[in-house]
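Biologist: Please walk me through this one, and begin with the terms you will rely on.

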Protein chains: 2
Amino acid sequence: MTPIYDRVALIGLGLIAGSMGLAMQRAGLVREITGYARTAKTRETAARLGLVTRVCDSAAEAAEGADLVVLCVPVGAMGAVAAEIAPALKPGATVSDVGSVKRSVFDAVTPHVPEGVHFVAAHPMAGTEHSGPESGFAELFDNRWCLIVPPEGADPAAVDRLERFWRGLGSNTERMEVEHHDLVCAVVSHVPHLIAYTMVGVADDFRRVSEQEVIKFSAAGFRDFTRIAASDPTMWRDVFMTNKEATLEILGRFTEELFALQRAIRTGDGQHLFDYFTHTRAIRRGIIDAGQDTAAPDFGRGARKQ
Amino acid sequence: MTPIYDRVALIGLGLIAGSMGLAMQRAGLVREITGYARTAKTRETAARLGLVTRVCDSAAEAAEGADLVVLCVPVGAMGAVAAEIAPALKPGATVSDVGSVKRSVFDAVTPHVPEGVHFVAAHPMAGTEHSGPESGFAELFDNRWCLIVPPEGADPAAVDRLERFWRGLGSNTERMEVEHHDLVCAVVSHVPHLIAYTMVGVADDFRRVSEQEVIKFSAAGFRDFTRIAASDPTMWRDVFMTNKEATLEILGRFTEELFALQRAIRTGDGQHLFDYFTHTRAIRRGIIDAGQDTAAPDFGRGARKQ
């Protein structure tokens, strides 16, 4: 494949950046990958694992001369990193990110982007419950979605190129407007994570059921929540701090529905529960048909021989 | 292996009973397995798949002469089935069940158990998002927990025998007192299911994000909820109708915690969120160490080559 960019810089070297580095190398998408992370330990790990082709000592050094600079840091750190690399950006370069929230990234990054440099945001909707550079793997983005979120008036060629890049990493891509992005993510990702965190916290805190019991008997439903409640705390703190409005709106809907089901339980309205539970079953079928999960019982975990 | 029971009767032939039939045959635990289901279609499927060795035309016929009769019907149907089979039970037989709630099963079944017949409840904490006889598989109980819940003053030999039977099916077993059982299950299973149902319902109902978007982008967290929200609606209606008190108690704790996190989001208290999220991560580690889930990213789904 002809390289899509000559040189790509990854600022931040965690799960997402590490996987991007490996996926770029797998596909031969670029000629050189520079990388920078704040801690020496992460930089050493990235070098040892070959996640990038050259580890740099500063974000600016990594960004210098790059055709694409991807900010792979928590949403709350995007503004400071953008300010730091701004003087090093070459004319015609594209700055992008991998943040889970877009309005706040736009607000934080845009003021620092120099004239002649393109800014096009992106959000790869892929991840695992693990974090850090050693969690990266080349297949993370395969058949997952990456949302491309260009600002109004963005350079069409720069947007097309970034989109081709993400397809080369294995993703499906879709373009989305910034406010709609944040709302969609509140529904499919942010509020589900908050709820999972809450449920896990409640179980852990409930003294009449021991932690040992919770862990032992988790296969009865609870454990599906624990995977997403094990995600990176810094990243998720920043998500909720920066996607406040949409999160609170969806949370409001959630508690409204939950209270209606709670009332049905209290009053013994079995029909309400039955109808609700029948309806939700259909969505699962849609997800499997769309290739976004496996139909194997229990996600194909465990004992069943397939 | 020497058969633990000569003849076992399964009343109800869904996912759990079907898996029990196959697991009994795999291990050679019994000499004969009779089975009965309410619909002709289910009985035919069970016969065709060889889930039991003899399909009967009534619950009483299946129970007649059996050493163990297992009620594998929704919790709300246990009482009626117990009444129906009572006259057919042979002296010294054991009646058991696989219900997810125990206090209400005790209350419904005990009055129908004849003198000289033992009643010992059991709850295999295993299942998948699929239901019906064709969903059964012999490995369902392997390395999962089955809670043995004997009534006060139960015959120790009958309890031991049932426990050996469940170990023979592949389960780990633990004995538990009835009220504690219902509380533990509210925490690890019933409330998590209700929350998952609620979240899926909210996403489906939220008009500004299309169903197509919800399905497409579900890998970002939402899809983990959909698996448990696809479980059998009748079974779950009955669970909430019959484990009302414990469910409402845990739900109260859940909303209390959720409101605290919601307030932290609204007021911008990032430290509260960070501390909470850090704490919940540890529980996940415990579940993996206890062998109740896989440490593979994304449950080992999808693209990663392991």
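Modeller: Two strands are said to pair if DSSP finds at least two bridges between them, and the elements themselves are DSSP runs, with helices (H or I) of at least four residues and strands (E) of at least two, numbered from the N terminus. This is a predicted model, in which local features need pLDDT of at least 70 and side-chain atom pairs count only at pLDDT 80 or more, while totals for chains, interfaces and linings use all residues. Residues are numbered from 1 along each chain as its sequence is written, and chains are lettered from A and ligands numbered from 1 in the order in which they are written.

Biologist: OK, in what sense do E1(B) and strand E2 of chain B pair, and over how many bridges?

Modeller: E1(B) and strand E2 (residues 30-36) of chain B pair in the parallel sense, over 6 bridges, and B:Tyr5 has B:Val30 in E2(B) as its bridge partner.

Biologist: And how many residues of E1 of chain B are buried?

Modeller: Of the 7 residues in strand E1 (residues 5-11) of chain B, 6 are buried, so the strand is largely enclosed by the rest of the structure. Here buried means that 20 or more other C-beta atoms, placed from the backbone, lie within 10 Å of the residue's own, whereas exposed means 12 or fewer and partly exposed is in between.

Biologist: What does the sheet look like in chain A?

Modeller: It is an open sheet of 6 strands with parallel pairing, in the order E3-E2-E1-E4-E5-E6. Strand E3 (54-55) and strand E6 (118-119) of chain A stand at the edges with a single partner strand each, so one side of each has no neighbour in the sheet. Strand E2 (residues 30-36) of chain A pairs with E3(A) over 2 bridges, and A:Gly35 stands opposite A:Val55 there.

Biologist: Which residues touch the most other members of the largest nonpolar core?

Modeller: Those are A:Ile11 and B:Ile11, in a core of 224 residues; a nonpolar core is a set of buried Ala, Val, Leu, Ile, Met, Phe, Trp, Tyr and Cys residues joined through C-beta atoms within 7 Å. Leaving aside residues up to four places away in sequence, A:Ile11 touches residues including A:Tyr36, A:Val70 and A:Ile85, where contact means that C-beta atoms, placed from the backbone, lie within 7 Å.

Biologist: Switching topic, how is chain A divided into domains?

Modeller: Domain 1 of chain A covers 5-176 and domain 2 covers 180-295, with bounds that come from an automatic or database domain assignment. Their centres, taken over C-alpha atoms, are 30 Å apart, and 15 residues of domain 1 are in contact with 18 residues of domain 2.

Biologist: How many residues of chain A are in contact with chain B?

Modeller: There are 96 residues of chain A in contact with 96 residues of chain B, and the largest share of the chain A side, 18 residues, comes from H7(A).

Technical notes. Two residues are in contact if their C-beta atoms, placed from the backbone, lie within 7 Å.
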